[in-house]
Amino acid sequence: MLWNTFDETRESQNFYLHPEFEPNSGITDNNELVEKIKALTDSMRGQPHTIIKAKAIECLLDNCAIEINVLDWFGLNFSGWQPNSAEDVPELSRRAIFKPLSYLNREWLAEIQRPQEFIDSAKGIAASGAGIFGCDYDHSVPDWDSVIGLGFAGLLERSERARAEKISDGTLTDEQKIYYDGIKISYEAILRLLDRFLACAKKHIDDNEKMPIMAECLENIRYSTPKTLYQYLMLTYLYHLIQQYVDIIQVRTLGNLDVDGYAFYKKDLEEGRLTRENAVELFQFLYEKYTNQGHIHAQPIYFGGFDDNGTLINELSYIMLDAYDKSCIVNPKLFIKVMPGTPDEFLKKALEMIRRGRNCIVFINEELGMKISRKLGRTEEETKRLVGTGCNNFASRGKETTPEHMYVNLLKGIELVFTRGTDPATGEFIGVDTGDISEFRTYEDFERAYVAQTECLINKAFIISDFYDSHLLDINPAPIYSASMPDSVKNGKDAYYNGVKYNNTVMFLSCHASAADSLMMVKKHVYDNKDFDLCTLRDALLDDWEGYEEMRMTMLGDEEKFGNDIDTVDSIAVRMLDHFTTMVTSRKNVRGGHFVVNGESIWFSHRWADKCGATPDGRKRGDLLSKNMSAAIGQDRHGITSLINSVTKIDATGLAYGCPFDYILHPSAVKGEDGLDAMLGLLRTFMKRGGYGFQGNVQDANMLRDAQVHPENHKNLQVRISGWSWFFTQMEKNFQDEFIRRAELEEANL
Amino acid sequence: MRGFIFDIKHFAVHDGPGIRTTVFLKGCPLKCLWCHNPESIGKQSQLGFLEHKCTSCGSCVRACSSGAHTIDSDGKHIFDRSKCTLCGKCATVCPGKVLTYYGKEAEVEEIVADVLKDKDFYVCSKNGGVTLSGGECLMQPDFCEALLKRFKEENLHTAVDTCGFVSKAALDKVIPYTDLFLYDLKAIDSDVHKRCTGQDNAVILENLKYIDSLGKSIEIRYPYVPGFNDGEVRKIGELLKGLSNITRVKVLPYHNYASTKYKSLDMVDTLPTVIPADAEIEEAKSVLRDMGLCVAD
């Protein structure tokens, strides 16, 4: 049967964990395969890394075993890469995907000698919770226009044409030759892999009714470009698989599938190849692939956009939501670009899903994205076609690579003021000596010291980022990704290094609300009201409030905190973020681009909790820090409208690479048609006031508590973590407890 | 002008259309057995004490000059209401918000400024705006008039949530500035009404017809309380059928979430024990729908 097979074959679609490779199609054992590749790359020591990487790709793709699951529209797989299973790694937050060539970038990164400046800057940062760093390959979007418009063969041809042009005008450099060779070796290997898939499909052509259609699809993808919706989606699937798990450059969006797939869908309908119901099922099959790959941060897909005629939301957008709803999954994750002209009907459909717990959806403000784009100097043409990427941010389409090597904790500077730059837990001196606090006469003295400590951490982050940035080409050259990027091909330069038009580097400035709350409490209780002196406060903080409970309760219970629409404290958050984002964005990186800022805390609000000592906002060591753009936990006491008013006072154009707002709503507050209208009203207001990303949970504490005790009754319960969602019952208990606590606090405000 | 309120709730979704802010005025002429806002009934200030959440930190003891709060020899906080002067200082220092002060004199402009903070939300949601509720807000008719007048000057959609047990003169003050009345209808049968609320309903029914005759939009709110007014569905439907400006009927299922509040206020808990089943509510809605009325989901 061609259709209505999704549910009955669903289990068999999860073939990554237990693959059944075509007999004699290649090496099935991942370790054996990696050993073979390693033997080759070890023998090539001294050669350019781009060539070694390309040869490794070639060796992998020529020797891997292949598999076609004839029951699955997207049933293609090859050996070498594999997700962790729940049996192997029970903790969801630690599950990873094995990538056969990752040993190369690990080795190449280890080989590079760290300059003293890097060593000094990095020392103590991670252990103290002042920040987190690492060389990042997770933030790029291939130019899907090129991939879809040219196909694999066409991408190779374009690269070879660019090489030929340079040869003919006598400008081809040695570096460019290496670059083009890398693409040639890699893409020829990809085409050979496609030949093998095609032959295998033909061999199994009578096994299932789907196979002739799959064979035709593979033929087109091998030699040409997609002609149908199915072929288009198959190309995105295969390209993603190869770039993400072979090139090890994460594909941060599968693309604008509704908009780019619409012409194919219409043609399919007209020519009788597909019905609306078939299209829903096709997307269910596609989504299932990403569900089964199990990337814990999930694979993004973005919806919408606009042109001169208005919104680009179309029938396929609705079909894709229907498929998502039917499947009840959290991967891929959905990203909806919102303009004033985005239809209410579509937004309400998504909001209604969220209200029912299908909450792996974020709404992103496209008008704001355009404002940011112009501020960053992108052209009008680029500004109109922004890509929705990653968890919740925008990038220019096909012209941008933005690694994210470094997160800075904005709260840490508060602690360092009291200790003159030394982290109390580790004893490491990580900040600057801002002097004896007993000599701080005014609040301004304190704030100046905080700014100095945070600037010190940001300066260290620049040095750390520069180190990684300057070695990207040595660590992980990216021939597969590069071939998709037109500017990279034209320039003959690696796209993940400096080959594209916008080679920016992201720095995260996280947990602003906890920092603003702490500053406010110092200002109010130490300097304005003179309730306590600064030295007593220091003693209390260093003793983790032991013996100072009343002081702590005063600080914790004070409502003058970020998130309550109170200008005194909100203005501190605004001023601090303006200051630090200006500092970061004024700095050039080493790849010919700029630093840009993301305001997310992701899950570091959780992971830094134990590393950050007590702070003047009433936190004890171990208590959570504020998450993303939202208030610190329990500190927003005047309801969601006040919280949104506070959040949108911040100039989100400074936090150009993302600053999502996380809401939590009680189901009773948004029940019925009125409730859905109210959710839409919140979303529209948030966008109108210049908010960036809108994501969250509608849940009550009772249900979460019951799910913790009786997981078997709540298998489908989803919770939004940060830029992604998980199934509640699969999460570790400490994560679950955090969600229960947040829901309890929301209920207390009802 | 000053009025007496006990709360301002932002993001009120079920007090009229769109996203609203509801201003709760203190004092009510009825005593509905199921009242879920017991703090709204009295005209005077009240102090709520959630004893089970108290950590006996002692902040209130230090703030209280009349000795109403003490810590006993076991370290437990004791609140002696007979000594309380209702000054409210203890509630302002209570770190866990275990003590809550209900009742506040507020200026019109103070309330307007608070309500206007959410103006963007009203504009971006369907007919969002401001609702005056209570208690019975029209027990303070001049204050309501002044507030509503100011809200209209700010182009806000206005709603008045009333039990209808008020004078016609009070209604006349607010009618020109009210876009929508949220009108509580508990029973048509006079005896049932008296038993449930302590008052006869003749004035209420008369006022409803009066507002309707002026062409004002009215949303009816019928609290459905099994064993008390659940036999009133058809009678309510019959009455409403004869009116011209009923935009919608909302059947509000009774719940007993307020029992902690009664305890915290040291008030006699009059809450009925039987909660309506979903099917009962759906049945009531469908009866009203079948009578040609627009019934909310």
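Helices and strands here are DSSP runs, helices of at least four residues and strands of at least two, numbered from the N terminus. I keep that in mind for each loop below. The model I am reading is predicted.

**Entry 1: A:Ala298**

I looked up A:Ala298 and found it in the loop between α12 (276–293) and β6 (300–303) of chain A. A:Ala298 is not a glycine, yet its phi is positive, about 70°. Is A:Ala298 buried or exposed? Its relative accessibility is 2% and buried means under 20%, so A:Ala298 counts as buried.

**Entry 2: B:Asn127**

I then turned to chain B. B:Asn127 also is not a glycine and has a positive phi, of about 55°. I found B:Asn127 in the loop between α4 (119–124) and β8 of chain B. Its relative accessibility is 53% and exposed means over 50%, so B:Asn127 counts as exposed. I noted both residues because most residues other than glycine have a negative phi.

**Entry 3: cis peptide bonds**

Most peptide bonds are trans. A:Asn331 and A:Pro332 are joined by a cis peptide bond with omega of about 5°. A:Pro332 sits in the loop between α13 (315–327) and β9 (333–338) of chain A. In chain B, the bond from B:Gly134 to B:Gly135 is cis, and omega is near 15°. I placed B:Gly135 in the loop between β8 (129–133) and α5 (141–153) of chain B.

**Entry 4: where the chains meet**

How many residues of chain A are in contact with chain B? I read 28, against 21 residues of chain B. The two chains bury about 2100 Å² between them, with 57% of it on carbon and sulfur atoms. The interface holds seven salt bridges by the rule. One I looked up joins B:Arg62 to A:Glu550, with the closest N and O atoms 2.6 Å apart.

On the side of chain A that touches chain B, α24 (549–557), α27 (639–647) and α28 (672–688) each supply at least two residues. Of the elements on that side, α28(A) gives the most, with ten residues. By class, I read nine nonpolar, eight polar and eleven charged residues there.

**Entry 5: nonpolar cores**

The largest nonpolar core has 265 residues, and A:Phe78, A:Leu229 and A:Phe283 are among those with the most contacts inside it. Helix α8 (residues 174–203) of chain A contributes the largest share, 14 residues. A second, separate core has 54 residues, including B:Val108 and B:Met291.

Technical notes: Residues numbered from 1 in each chain as written. Chains lettered and ligands numbered in written order. Predicted model: local features only at pLDDT ≥ 70, side-chain atom pairs only at ≥ 80, totals over all residues. Heavy atoms only, no water. Contact = heavy atoms within 4.5 Å. Buried area = accessible area lost by both parts, 1.4 Å probe. Salt bridge = Lys/Arg side-chain N within 4 Å of Asp/Glu carboxyl O. Nonpolar A, V, L, I, M, F, W, Y, C, P; charged D, E, K, R; others polar. Core = buried A, V, L, I, M, F, W, Y, C linked by side-chain atoms within 4.5 Å. Buried < 20%, exposed > 50% of the residue type's maximum accessible area, 1.4 Å probe, protein only.
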